[in-house]
Amino acid sequence: MGVGKYTPFPHIEVLPNKALAGENVSIRLVDFEPGQIVTIRAHMRDDLDRRWSSHARFKADIDGVVDLTSRKPLSGTYEGIDPMGLIWSMALDPDEGEVSPFAKRELKPDTVIFTAEVDWQPVAFGSLERLYFEPGVKATPVREHRLVGTFYQPAGAGPHPGVLVLSGSDGGMYKGVAARLASHGYAALALAYFGVEHLPPQLINIPLEYFEKGIQWMQSNPAVKGDSLAALGWARGGELALLLGATFPAIKAVVGYVASGVITIGGVRALTDLLDMQPAWSFRGRPLPFVPVKSTSSFEEQVRANEPVALASLYLKGLEDRSALEKALIPVERIGGPVLLISGKDDQMWPSSVLSDFAMNRLSENNHPYPYKHLSYDDAGHNIGLPHRPTTVTRHRHAMGAVLDFGGTAKGNAFAAVDSWPRVLRFLKQAFST
């Protein structure tokens, strides 16, 4: 009896088909006709049930294979070789309403659906389940001492090095960051400090003593290695992480994404209140000095024209007040450990590269005895997040109500996220390796 002829069966191979959201996966189109033009489409839904999608068009090789880890598309929503290009280049479907970033409020897995088309007809399907924490990570609400947080404990025996995770001007808790850190062996406390529950409604006069209680809570937790604590924050949370490291000796390492080495103004409810400046932080009952913002002609023109507003120019103008600047510089040389800052050179929300350099310069001038580094990325803006999430939204409505320009390009923000996250993990590992 003869052996039957093999009939190709086009399919999409995703390996692994279940992975942490920040990990690379292999996506291959297999068993297509040699030289065949294939379009692969991807879509997933965020926590607001909005549909995000992307696509790329390829020519199969002589074996009928397209390997996204080594092939660049003929056309599509991204260019160049990028194994995860279909993820970061996803855009919100036009009928989903006002554009805003990919919403991830809960940590339930995402499912990415892949479809391969030939001559506009679907011929193969695949899927990827994106996890936000490893099995065994335990989440516990924290409400002692009027704290508002969620503690993520890694699987396995502790105690573990601890990380205090601080949100930015959008408030709330960055649970996804804390859960991801716990998946890498860190006991992480996502701590809110305004905008939720009984906490202050705005980022105004937030007492540093509140965070001191958070630090003490972590030190008293048997799952946390109390002498190995880091502070990690985004934007205002990055400024805060530097401030906490300079104020409380228990913090032994600091990571700041799009951060500031200078204390800036408190939060506002609306764009019209921006120049009615209030202090963001207080300590021992006294407000901490800050650098003011000052209006510019470009800002005023954008407001009049109802265009997306770039606030960076207001901060740069405010930095010209040398007297206020000197008083508002964070004494980062007091931090009892290494410092890592990450910024985007095209940050239009505030000039995070310039603001981060103030910290770097002060560390250098004071011969800081611990390692310190500033990763500043071309074509990246304010929205440098964790890797492998849609980065196509660079302008959107902020909590203050105005549409703000956050700067950067989708590709630039995606690269900054992918490049910086492994460096953050290496930085924390080295900081606590002794």
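**Overall build and local features of the predicted chain**

The accessible surface of the protein chain comes to about 19,100 Å². Carbon and sulfur atoms account for 51% of this surface. Accessible areas were computed by the Shrake-Rupley method with a 1.4 Å probe, and for residues only the protein chains shown count as cover. The structure is a predicted model, in which local features need pLDDT of at least 70, side-chain atom pairs count only at pLDDT 80 or more, and totals for chains, interfaces and linings use all residues. Residues are numbered from 1 along each chain as its sequence is written, and side-chain values use heavy atoms, with hydrogens and water left out.

The protein chain holds 9 helices and 23 strands. These are DSSP runs numbered from the N terminus (helices, H or I, at least four residues; strands, E, at least two). The C-alpha atoms fill a box of roughly 90 × 60 × 40 Å along the principal axes.

Of the 434 residues, 53% count as buried. Buried means under 20% relative accessible area, exposed over 50%, and partly exposed in between (1.4 Å probe, protein chains only). Among contacts (heavy atoms within 4.5 Å) between residues at least 6 apart in sequence, 68% join residues at least 24 apart. The mean positions of the 43 positive and 46 negative charges are 4 Å apart. Lys and Arg count as positive and Asp and Glu as negative, while His and the chain ends are not counted. Each charge is placed at NZ of Lys, CZ of Arg, CG of Asp or CD of Glu.

The largest nonpolar core has 140 residues. Helix α9 (residues 410-431) gives the most to this core, with 8 residues. Such a core is a set of buried Ala, Val, Leu, Ile, Met, Phe, Trp, Tyr and Cys residues joined through side-chain atoms within 4.5 Å. The residues with the most contacts inside the core are Phe114, Leu181, Phe211, Trp281 and Leu428. Not counting residues up to four places away in sequence, Phe211 touches Leu166, Leu191, Tyr193, Ile206, Leu240, Leu244 and Trp281.

Ser228 is in strand β16 (residues 224-234). Ser228 is buried, with a relative accessible area of 6%. Beyond four places in sequence, Ser228 touches Pro161, Gly162 and Phe432. Lys252 is in strand β17 (residues 251-257) and is partly exposed at 32% relative accessibility. The C-alpha atoms of Lys252 and Leu107 are separated by 28 Å, at 145 residues apart along the chain.

Several loops carry backbone features. The peptide bond from Leu15 to Pro16 is cis, with omega near -15°. Pro16 lies between β1 (11-15) and β2 (18-20). The bond from Gly158 to Pro159 is also cis, with omega near 0°. Pro159 is in the loop between β12 (148-153) and β13 (160-166).

Asp119 is not a glycine, yet has a positive phi of about 55°. Asp119 lies in the loop between β9 (110-118) and β10 (121-131) and is exposed, with a relative accessible area of 64%. Glu197, likewise not a glycine, has a positive phi of about 50°. Glu197 sits in the loop between β14 (187-192) and β15 (206-207). At 55% relative accessibility, Glu197 counts as exposed.
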